[in-house]
Amino acid sequence: MSRNLIRPVFRHCQAVSLFAAKVVDPMDPTVKLGDSDYFKHQQLVQSLGSSSAPSVRFYFLLATTHLCSNNGQHLAWMRGKTHIARELKRYIEFFHGARAEIFSVSEYIGPDGEDKLYEALNSFFDVTNSPTADPYDFEQCGVEGVGGFAIILSSDTVESTKSMWSAHTKWHRKWMARKLEDELQAEVCFIQISVDSPKGEKYLSDLAAYRGMTLEESRDLIANYQDHYVPIQMDQSEDQTPFIHLMNYNQKMVVNKMMRSFVGSQVCHFLSNLHPFQHTVYLARHGESEFNVEMRIGGDSGLSRRGEEFARRTAEFVKYVVCGHANDLVCVTLTAKDVPKLRDWIIELKRNIVATRDWADFGDASGGVVRRFMQLKRMQIGWAADFEDTPSTVQDLLRRLEKAKVVTLVFVGGDTSGAGTVPGRLWTSSLRRTIETAQFIEHPILPAGLMTDGKPYYQMRGRQFRNMDEVYAGEYDGLTEEEITKRAPNVIADRKRDKLGFRYPRGESYYDIIARLESVMSHLERIQQPILIISHQAVLRLMYGWLMHKTREDSVETQVPQHEVVRICFDGLGGGPVETRFPLGPTHLTDDGQSDL
Ligand SMILES: O=P(O)(O)OC[C@H]1O[C@@](CO)(OP(=O)(O)O)[C@@H](O)[C@@H]1O
């Protein structure tokens, strides 16, 4: 197919669906497909199918800002629009498989700056500029090359007002909308953010401090910006302009003319969840399941003995770290051979071992190593027993250890006070193995007043999401790798070639999981309390990838070991997500026996 045939299609909104249909129809007997073409086609179809094809739309979004005052304190230039622009870009790329790029207005100021921004936008959308001549070239011409979202950001708000593209007055907005719609056939939407809640203001002053600004500097900036910016008018004079006005982030939203398109409504939904505040997400794969032991995929089996042990340790971790002020937790298991050595050491030490700092570097094969200043807080005598507080005297401790064959000690780092009192959230899938992993987590009712609604809080009340169930392997559900390859000898090679797009017969692909994860991940964006999510290997690969700002392609390569919790912290101030891994044991399982699948 020549490029000329494709070219006119790109100029229309439904470009991709037409394009996909024209490129190749594998059912058409006149079309001969090589292997690779088939896979590219599959990839294209899969990705369109899973993303509701919004990538067909040429869509512009503009993050702008709105002045607001709160008791005379103005911190208006920092409304978190850079954060929102970045989130939007990631959302569009990850969940909709479309291209998205941020264009910062202040980088295009100067004699030719505005023309350059126009050129940059034109070439971003104009796929005919793409060097590709091969319509099968998915990378350059497929979903990647068609349509996209340009996010025009006035990052340096005051400086940006020099540009025609700053959208800081009604006149500028109208000019931009006309230019973009008439000349680039793009749909336009303006996003305005205003903040006046005490929490919002606190965030903004933190942000100012983080960026090294003094109050005077910020006041000057605001006074200057106030002279320029005209908020979107609510007097009907801008009724023809699509816009979203976010007030105090996800507290209140005014939407104009966005719901007429599917993508518009999706973007509104996503933005209505976003907040820029500091928050922490914990991810854990379920403990080892009976099917994991038998090396079977899928199914709905319960936990193995080791899996149950991980569940007990997870509850300790939740109490001190997720719902406490501690920042680290390590479990060390001593077997029959080591317990007498521990007894001798305690006798020699002759001190209260709970308070001692002499445990540093103490560890076991599961990977946990005690760091300096960690305190021994809890212990478990024997397998499958409940954890209990460590006795505070040497005599009591020796007595407890007397007949013990196996002992697991729990060491906690940081502030151990207030364990279990920080309101937290718990999400699992709907499958037994994740629910059982959460079974030992405590659910005290926390006193009213801890949350803003003033109601008592049911700690870590579990919510089960079917969208977080493991990839469904269809006809292969419950089989081992060996059994699968007996039925379908090529399956391993096929899946290796395209792990994202490969769909199990009558089952799911990773693209399908992306589609069903979209609503859960939007929901997650809304959460401000620490949250623990217990799910499965394939699902967690994607969740982790999304949270760690990875591409879909890189996400499927991520390792998701069992018996480990991953903490991902968002500082809310512009730093990237920071991850810490906590191997809790009892074993650190990285090989689930299906590494080939
Ligand atoms: O995409 P791959 O790498 O096969 O990972 C998914 C597989 O992981 C498994 C275990 O091998 O998930 P789970 O976390 O539920 O134990 C299988 O049930 C599932 O098919």
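Me: Which handedness has the crossing of α4 and α20?
Reply: The model is a predicted one. In it, the axes of helix α4 (residues 81-96) and helix α20 (residues 537-547) come within 11 Å. The crossing of these two helices is right-handed.

Me: Are α4 and α20 roughly parallel or roughly antiparallel to each other?
Reply: Their axes cross at roughly 150°. Angles over 145 degrees count as roughly antiparallel. The two helices α4 and α20 are therefore roughly antiparallel.

Me: How many residues of the contact of α4 with α20 are nonpolar?
Reply: On the α4 side the contact is made by Glu87, Arg90, Tyr91, Phe94 and Phe95, and on the α20 side by Leu542, Gly545, Trp546 and Leu547. Of the residues in this contact, two are charged and one is polar. The nonpolar residues number six.

Me: How are α4 and α19 oriented to each other, roughly parallel or roughly antiparallel?
Reply: The axes of α4 and α19 come within 10 Å and cross at roughly 160°. The cut-off for roughly antiparallel is an angle over 145 degrees, so α4 and α19 are roughly antiparallel.

Me: Which residues of α19 make the contact with α4?
Reply: The crossing of α4 and α19 is right-handed. From α4, the contact takes in Glu87, Arg90, Tyr91, Phe94, Phe95 and His96. By class, this contact has six nonpolar, two polar and four charged residues. The α19 residues are Ile514, Leu517, Glu518, Met521, Ser522 and Glu525.

Me: Which strands stand at the edges of the open sheet of four strands?
Reply: The strand order in this sheet is β8-β11-β9-β10, with antiparallel pairing. An edge strand here has a single partner, so one side of it is left without a neighbour in the sheet. The edge strands are β8 (326-334) and β10 (388-389).

Me: What is the bridge partner of valine 330 in β11?
Reply: β8 and strand β11 (residues 407-414) pair in the antiparallel sense over eight bridges. In β11, valine 330 has as its bridge partner phenylalanine 411.

Me: Is glutamine 236 buried or exposed?
Reply: Glutamine 236 sits in the loop between α10 (215-226) and β5 (243-247). This residue has a positive phi of about 75° although it is not a glycine. Its relative accessible area is 61%, and the cut-off is over 50%, so glutamine 236 is exposed.

Me: What is the relative accessible area of arginine 506?
Reply: Arginine 506 lies in the loop between α18 (491-497) and α19 (510-526). Its phi is positive, near 60°. Arginine 506 is exposed, and its relative accessible area is 73%.

Me: What is omega for the cis peptide bond that joins glycine 585 and proline 586?
Reply: Proline 586 is in the segment after β18 (578-583). Most peptide bonds are trans. The bond from glycine 585 to proline 586 is cis, with omega of about 15°.

Me: How many Å apart in space are threonine 421 and proline 447, C-alpha to C-alpha?
Reply: Threonine 421 is in the loop between β11 and β12 (425-429), and is partly exposed at 38% relative accessible area. In sequence, threonine 421 and proline 447 are 26 residues apart. In space, their C-alpha atoms are apart by 9.3 Å.

Notes
Residues are numbered from 1 along each chain as its sequence is written. This is a predicted model: local features need pLDDT of at least 70, side-chain atom pairs count only at pLDDT 80 or more; totals for chains, interfaces and linings use all residues. Side-chain values use heavy atoms; hydrogens and water are left out. Axes are lines fitted to C-alpha atoms, for helices over the stretch in contact, and angles run from 0 to 180 degrees between N-to-C directions. Angles under 35 degrees count as roughly parallel, over 145 as roughly antiparallel, 65 to 115 as roughly perpendicular and the rest as oblique. A crossing is left-handed if the near helix is turned anticlockwise from the far one by less than a right angle, and right-handed if clockwise. Contact means heavy atoms within 4.5 Å. Ala, Val, Leu, Ile, Met, Phe, Trp, Tyr, Cys and Pro count as nonpolar, Asp, Glu, Lys and Arg as charged, and the others, Gly among them, as polar. Two strands pair if DSSP finds at least two bridges between them. Buried means under 20% relative accessible area, exposed over 50%, partly exposed in between (1.4 Å probe, protein chains only).
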